[in-house]
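Subject: Structure handover and notes

Dear colleague,

I am passing on the structure that we talked about, together with my notes on it. Please keep the two side by side as you read.

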Number of protein chains: 2
Amino acid sequence: MRNRKRLSSVSDTQHHLNSPFTVEWNHQLFNTDSAFDVGGAFSEVCNALSPVKVLPVIDKGVHQSHPELVQRMEKWSQSTNTNCCDPLIIEGGEASKNNFTTIELILESIHKEHLCRKSCVLAIGGGAALDVIGFAASIAHRGIPLVRMPTTTLSACDSGLGVKNGINYFGKKNFIGVFDPPFAVINDFSFLSTLDDRHWRSGLSEAVKVALIKDKNLFDDIESQSKQLIAREIDVAKRIILHSAELHLLHITTGGDPFEKHESRPLDFGHWSAHKLEPLTDFTLTHGEAVSIGLALDVTISKLLGFLNEQTHARILSLLKALHLPTSHPALANPELVNGLEEFREHIGGKLTLLMIEGIGTPREIHELDSTTLRQAIEELM
Amino acid sequence: MRNRKRLSSVSDTQHHLNSPFTVEWNHQLFNTDSAFDVGGAFSEVCNALSPVKVLPVIDKGVHQSHPELVQRMEKWSQSTNTNCCDPLIIEGGEASKNNFTTIELILESIHKEHLCRKSCVLAIGGGAALDVIGFAASIAHRGIPLVRMPTTTLSACDSGLGVKNGINYFGKKNFIGVFDPPFAVINDFSFLSTLDDRHWRSGLSEAVKVALIKDKNLFDDIESQSKQLIAREIDVAKRIILHSAELHLLHITTGGDPFEKHESRPLDFGHWSAHKLEPLTDFTLTHGEAVSIGLALDVTISKLLGFLNEQTHARILSLLKALHLPTSHPALANPELVNGLEEFREHIGGKLTLLMIEGIGTPREIHELDSTTLRQAIEELM
């Protein structure tokens, strides 16, 4: 055995052996309009992965909006001679994250189809479906490679690029889950065409978020193209989603803390309140809308703390409004909102760490937030 | 953002961004007789980890055999001023791995005690309990640091050092689980004193296993000390358990495939049939006994394939017998045993890879096993 380190002695009362090691991962994003063309993105992924079998798991909403999808996949699997199981259709949306039912359905399919660790689960859906499917794939045989195809602006911009998954439990968002990088993420923009306007806009809040903490150029681009984004001009949307997805992916791979072992979680800017606003409104707010309100709250706090000037604050709120995204909600006044701060701390662990901004693209951490400032920020938005 | 790689263009039909990254882990083993002494192994671990809270989860059998344990822990937590929750006592043994009941109990405790990702789950028990507790800790908040205290020769030699966890599902051993290195493993030899003779001996099969594939010196040591091991001479047992544990730990950290992304799994020598013999005998065989039979089978196959000479084969079987470990069982004749080969392949994925040996400490991989040789090996052992 190479590099073998023997313990010095076995006669002392206590011995200690310490052996650091690293695990190598890869994170990759494909952007396309036609993932299932022969020679297209999914072919490329399968060439690299050589899966024994592919199990497609599809969000029911996507399956209904894209009736041609299953046929397209069948044609692809025949042309490429890939062993592709019948797709499993699951409920999507946040409700699918609230119990083990969907997880068990997927695990049962993996069991019955005899998927092995050299097979592949292909997850097609919005952020919630990707979270549920990803968790099932991560725990079956201690991890079957996952390929994600996000089908909403939100998951294409943001959550589809994450290296985590999970479900809600005991009423706590994402209480159960693991860190596990997907084998690949394929953003196929053809899925976005069937989104309703509300969900189309909703995900843009995550692009604004990553721009606010990382990239003023992206903010400027979104701001100058807000009308085109609302009008769903696809080339503009592609550019902005791609830019946002890329910032997310590279934050994970080059940010120094891919599995979030430290307290700081910059990509969660605006999210401590968003995660609480969703259950407080019985999920009548979409995640993206809750994030938009959460961003409005945190930039207002940033202003009240003297970090952000009034002009920039106004500019950010104007952009959210120009994108037809909400910046306030009666639920902000719910006294339970403040519990979100403690739940956020508990979920990440250690001391409270929140991100504020000093300017567009310039983040700043804080470790406490007094209730007067918080109340004042909420009042300003109401 | 440092190291930022922009996509070359957004106007082509397909784009690809590829970004490798590594995650750093550490694997450490403490060996002691008194983990809860102030300044002892658990104090050292807590000094390094600074957990917000500690939740001890204890195998019921250990709790009953060591009635002073909880009091010792309380004294320790008072002396060290550590925030230690009331211990949760769970059923141990393979039965606890057959459903979600115990997992949910542990998750509920984590939820109610408000454990965060900077807290610590302290798992005290045999291999099955450690698997269940470890899985619950790995999926709560996407991973709460785990400290394992193996309490059997088997888990102290072998499974307690692993970087995996899990439960059985759909009748498949370890169908659900994840790879997740513990923060630390503490082998406290004082736990071994209350094991019954059968379980004491049982775990020695894993020490024989790792010796067979990695270290002739360890084999010689076990062989020359077999009487002392059976007589439970603790200093001899400590040396051999420590040597075995060390070989396991260093295989994981320096063997090049800690999360088993490849097909080869040398530490599973003798295990393909062992994993099948356990359910085929309704778990009347302990895991260690099943491993002993599995070793006897695989060294016999190694002999029949012409890899291993008769003399060495006889020597290995003699050692297992000298340790009062079984080398045969009527269940070997069950035609279902052969399905174990396919289930093993499916669990690991890809092509079948089994380890055989050419001599003590000299492994050799094979990728097929004809049924005639297998039947002949079984007949020889019956």
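Predicted model: local features only at pLDDT ≥ 70, side-chain atom pairs only at ≥ 80, totals over all residues.

Residues are numbered from 1 along each chain as its sequence is written, and chains are lettered from A and ligands numbered from 1 in the order in which they are written.

How the chains are related

The contact between the chains takes 68 residues from chain B and 68 residues from chain A, where two residues are in contact if their C-beta atoms, placed from the backbone, lie within 7 Å. On the side of chain B that touches chain A, the elements that each supply at least two residues are strand S1 (15-32), helix H4 (101-112), helix H5 (127-139), strand S7 (172-176), helix H11 (234-254) and helix H15 (339-348) of chain B; helices (H or I, at least four residues) and strands (E, at least two) are DSSP runs, numbered from the N terminus. The largest share of that side, 18 residues, comes from S1(B). By class, the side of chain B that touches chain A has 28 nonpolar, 26 polar and 14 charged residues, with Ala, Val, Leu, Ile, Met, Phe, Trp, Tyr, Cys and Pro counted as nonpolar, Asp, Glu, Lys and Arg as charged, and the others, Gly among them, as polar. Because 100% of the interface residues of chain B are also interface residues in chain A, the copies meet through the same surface.

Strand S1 (residues 15-32) of chain A pairs with S1(B) in the antiparallel sense over 17 bridges, two strands being paired if DSSP finds at least two bridges between them. Along this pairing, A:Asn26 stands opposite B:Pro20 in S1(B), and A:Phe30 has B:His16 as its bridge partner. Within chain B, S1(B) is also joined by four bridges to strand S8 (residues 184-188), and these two strands run parallel; there, B:Leu29 stands opposite B:Val185 in S8(B).

Domains of chain A

The domain assignment, whose bounds come from an automatic or database source, gives domain 1 (29-195) and domain 2 (198-251 + 262-382) of chain A. Their C-alpha centres lie 27 Å apart, and the contact between them takes 17 residues from domain 1 and 21 residues from domain 2. On the side of domain 1 that touches domain 2, S1, helix H6 (153-157) and strand S7 (172-176) of chain A each supply at least two residues, and the largest share, four residues, comes from H6(A).

Single elements and residues

Since 13 of the 13 residues of H5(A) are buried, the helix is largely enclosed by the rest of the structure; a residue is buried if 20 or more other C-beta atoms lie within 10 Å of its own, exposed if 12 or fewer, and partly exposed in between, with C-beta atoms placed from the backbone. H5(A) is followed by A:His141, whose phi is positive, near 50 degrees.

B:His114, in the loop between H4 and strand S4 (120-125) of chain B, has a positive phi of about 55 degrees although it is not a glycine, and it counts as partly exposed with 13 C-beta neighbours inside 10 Å. B:Asp282 likewise is not a glycine but has a positive phi, of about 50 degrees; this residue lies in the loop between helix H12 (271-280) and helix H13 (287-304) of chain B, and is exposed, with 8 other C-beta atoms within 10 Å.

With best wishes
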